[in-house]
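Please look at the sequence and the model first.

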Amino acid sequence: MPLAYYSRAATAAFWSEHWGRYSVEELLQIARTSPLTEIIERHLPAGGWLLEAGCGVGQYVLLLRERGRAALGVDWSFEAVSQGVRAGAPLAVMDLRALGVRSRSVSAYLSLGVAEHVPEGPEGILAEAARVLVQAGTLLLSVPY
């Protein structure tokens, strides 16, 4: 059984409230100067599609596209995705355990602080990541601890 600590359940209402606290531009500005961005970019493959799973409002999708990457994002929060789409991000609402993405079509799969929020454990998300990644694709996954 996975070990998990939740101060509050990560429901759709939680994420809508969380992403509603910031504008896309505020989050994009943070991403532009974050040390995490340099780490992400250093490990990305030279080409191909990047999928950000659990993208929220899509600030990393927007940033990576600004920098010439083919990037798109998915999240399960309709409100967050809607906010990102209004800012010009190519985002879609999807369950990360059942992606509407063709198998072996993504060169890089990026997911920042998402997998730990699934009470059943990260296995479903990781299985989908493996399914959509090209052979020898890049998985960039972060968890808080």
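The paragraphs below treat the nonpolar cores and then a helix packing.

The model is predicted, so local features need pLDDT of at least 70 and side-chain atom pairs count only at pLDDT 80 or more, while totals for chains, interfaces and linings use all residues. Residues are numbered from 1 along each chain as its sequence is written, and side-chain values use heavy atoms, with hydrogens and water left out.

A nonpolar core is a set of buried Ala, Val, Leu, Ile, Met, Phe, Trp, Tyr and Cys residues joined through side-chain atoms within 4.5 Å; buried means under 20% relative accessible area (1.4 Å probe, protein chains only). The largest such core has 23 residues, and those touching the most other members are Ile-40, Leu-44, Leu-50, Val-57, Leu-64, Leu-91 and Leu-110.

A second, separate core of 15 residues includes Leu-51, Val-74, Met-94 and Val-114.

Helix 3 (residues 35-43) packs against helix 4 at an angle of about 60°, the axes (lines fitted to C-alpha atoms over the stretch in contact, with angles from 0 to 180 degrees between N-to-C directions) lying 12 Å apart. Contact (heavy atoms within 4.5 Å) involves Leu-36, Thr-37, Ile-40 and Glu-41 of helix 3, and Tyr-60, Leu-63 and Leu-64 of helix 4.

Technical notes
Buried means under 20% relative accessible area, exposed over 50%, partly exposed in between (1.4 Å probe, protein chains only). Helices (H or I, at least four residues) and strands (E, at least two) are DSSP runs, numbered from the N terminus.
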